[in-house]
Amino acid sequence: MGSQVRYAGIDIGSRTIELVVVDKTGNIVESLQADTGFNPMAEAHRLMEGVAHDAVMATGYGRNLFEISFEAPTVTEIKAHARGANRLFPEARTVLDIGGQDSKAITLFPDGRVRKFEMNDRCAAGTGKFLEIMARTLGFEIEEFGREALLAENDLNISSMCTVFAESEVTSLIARGRNRREIARGLHASVVRRAVGMINRVSSSGDIVFTGGVAKNPCMRSLLAESLGRSVLIPEDPQLVGALGAALLAGGLK
């Protein structure tokens with residue numbers, strides 16, 4: 001096989017599935033993405049079809065289903081994101097991953113191993129799902145939500161972080177004629193406050209690698225950097241970092 005050796009990593013998340021293939025030096029040679037949908041394993045099979053690989057490793061909330069279906073090893077999202085972020089930004093020691101279903105702050109040893117982490121997986125608050133629900137409540141498309149929030153001159157304080165109560169609070173603010181952009185900015189600020197709290201519990205200085213789908217949101221990036229006073233590094237495609245880490249671990253690569 002020689003130079004044709006290829007290692008695959010698949011990240012089966014609550015909203016999307018990412019597949020990354022790397023060569024023996026750890027460089028990405030192929031990447032694919034699909035919506036998770038109602039049948040994650042059917043989508044995983046579809047993505048894997050025709051993708052040449054010598055080994056595969058799964059991560060994400062659906063990794064155990066993949067392990068059974070493909071007889072493949074798995075790795076936690078924490079370890080996968082740590083390894084992927086370390087590959088992309090070797091000098092950074094902190095990772096913030098906000099996905100559809102949970103959020104996590106991770107600190108790393110210089111070699112990319114996990115040193116410490118904090119995780120929010122008990123409720124939707126502080127996740128992509130929270131922002132998605134709030135965007136819909138305000139009548140924004142999720143893709144435009146962050147851009148619109150950035151245009152607000154002020155942000156309205158949203159007191160509740162529980163999704164159900166926050167939705168009710170937002171509905172009440174809309175009924176009172178408050179500015180939608182300012183409500184949107186307030187909602188982003190509430191998610192950032194939660195993320196900053198997690199980061200500060202694991203790390204006090206240095207650059208932060210921001211991964212996951214929410215890292216595409218410009219308001220989240222801006223408010224996060226402003227609140228922390230630290231550089232926020234965004235991968236070219238922040239949603240691929242977990243799958244990249246799984247692929248590197250599948251091949252025992254740095």
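(Ala, Val, Leu, Ile, Met, Phe, Trp, Tyr, Cys and Pro count as nonpolar, Asp, Glu, Lys and Arg as charged, the others, Gly among them, as polar.) The model is predicted, so local features need pLDDT of at least 70, side-chain atom pairs count only at 80 or more, and totals for chains, interfaces and linings use all residues. Residues are numbered from 1 along each chain as its sequence is written, and side-chain values use heavy atoms, without hydrogens and water.

I listed the lining: Ile28, Leu88, Phe89, Pro235, Glu236, Asp237, Leu240, Val241 and Leu244. (A pocket is an open set of points on a 1 Å grid over the protein atoms alone, where a 1.4 Å probe fits, with protein on both sides within 12 Å along at least five of seven lines; lining residues have an atom within 4 Å of a point.) Its volume is about 150 Å³. (A volume is the space filled by probe spheres set on the points, which are joined across faces, edges and corners.)

I turned to the largest pocket, with about 750 Å³ of space. Of its 34 lining residues, Gly99, Gly100, Gly213, Val214 and Gln239 are the closest to its centre. By class I noted seven nonpolar, 15 polar and 12 charged residues. Which helix supplies the largest share of this lining? I found α4, with four residues. (Helices are DSSP runs of H or I, at least four residues, numbered from the N terminus; strands are runs of E, at least two.)
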